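Subject: Handover of a structure and its findings

Dear colleague,

Please find below the structure that I am handing over to you. A summary of the findings follows it.

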Amino acid sequence: MTHLTTHILDATRGAPAADVSVTLARHLPSSAAEPVAAGRTDADGRLAIGPDVLAPGTYALTFATGEYFAELGVEGFYPQVTVTFTVTDERHYHVPLLLSPFSYSTYRGS
């Protein structure tokens, strides 16, 4: 199983958010961010992203939410959503995003 997965649910439509661009970056001690991987959610709004194992550290998933809503012809407030989290070990990490045009939430999934 890939070390990191995500899932986006469009709460307004009550459906998965398909074909959303997602990038993964690692934050470096110098305050810079190093790109790690990129991809797009599948028809079920899911994406396995990155290497089989992430080294411990701070990472950020950035979701291109503005592009997604623009494709639907929906006005949105957030052009992108970035979720920053810490990897501490080799267990599976799941970072879901519950999305609407004017709000979002996330949590540590399983």
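Predicted model: local features only at pLDDT ≥ 70, side-chain atom pairs only at ≥ 80, totals over all residues.

Helix α1 spans residues 65–72, and Thr65, Tyr68 and Phe69 are buried in it. These three residues lie on the same side of α1, because they cover an arc of only 90° around the axis. Ala70 and Glu71 are exposed, and they sit on the face of α1 that is turned away from the buried side.

What covers the buried residues of α1? The cover includes five strands: β1 (4–10), β2 (15–16), β6 (57–63), β7 (81–87) and β8 (93–100).

Thr65, which belongs to α1, deserves a separate word. Its relative accessible area is 2%, and Thr65 is therefore buried, the cut-off being under 20%. A polar atom of the Thr65 side chain lies 3.5 Å from the backbone nitrogen of Gln80. With neighbours within four places in sequence left aside, the contacts of Thr65 are Tyr78, Pro79, Gln80, Val81, Leu97 and Leu99.

**The sheet**

In what order do the strands of the open sheet of 4 strands stand? The order is β4-β3-β6-β7, and the pairing is antiparallel. β4 (33–40) and β7 are at the edges; each has a single partner strand, so one side of each has no neighbour in the sheet. From one strand to the next, the twist averages 20°.

Two of the pairings may be described in detail. Strand β3 (residues 21–27) pairs with β4 in the antiparallel sense over 7 bridges. Ser21 has Arg40 in β4 as its bridge partner, and Arg26 has Glu34 in β4. The hairpin of β3 and β4 has 5 residues between the strands, and Ser31 in this hairpin takes a positive phi near 75°. β3 also pairs with β6, again in the antiparallel sense, over 6 bridges. Here the bridge partner of Ala25 is Ala60 in β6.

**The aromatic pairs**

How many aromatic pairs does a search of the whole structure find? The search finds 4. One of them is formed by Tyr59 and Phe85: the ring centres are 6.2 Å apart and the planes are at 25°, so this pair is stacked. Tyr59 lies in strand β6 and Phe85 in strand β7, so the pair ties together parts that are 26 residues apart in sequence. Are these two residues buried or exposed? Tyr59 counts as buried, at 2% relative accessibility, and Phe85 is also buried, with a relative accessible area of 11%.

Phe77 and Tyr78 form an edge-to-face pair, with 5.0 Å centre to centre and 80° between the planes. Phe77 counts as exposed, because its relative accessibility is 57% and the cut-off for exposed is over 50%. Tyr78 is partly exposed, with a relative accessible area of 29%. Ring pairs link Phe77, Tyr78 and Tyr104 into a cluster. Tyr78 is also among the residues in contact with Thr65.

**A histidine in β1**

His7 is found in strand β1, which is one of the strands that cover the buried residues of α1. With a relative accessible area of 16%, His7 is buried. Which backbone atom lies 3.1 Å from a polar atom of the side chain of His7? The atom is the backbone oxygen of Asp44. Residues up to four places away in sequence not counted, His7 touches Asp44, Gly45, Arg46, His94, Val95, Pro96 and Leu97. Leu97 is also in contact with Thr65.

Yours sincerely,

How values were computed: Residues numbered from 1 in each chain as written. Heavy atoms only, no water. Buried < 20%, exposed > 50% of the residue type's maximum accessible area, 1.4 Å probe, protein only. Helix = DSSP H or I, 4+ residues; strand = E, 2+ residues; numbered from the N terminus. Arc of directions from axis to C-beta. Contact = heavy atoms within 4.5 Å. Pairing = 2+ DSSP bridges. Axes fitted to C-alpha atoms, helices over the stretch in contact; angles between N-to-C directions. Polar contact = N/O pair within 3.5 Å; in protein donor to acceptor, adjacent residues only side chain to side chain. Phe/Tyr/Trp six-rings, centres within 6.5 Å; stacked < 30°, edge-to-face > 60°.
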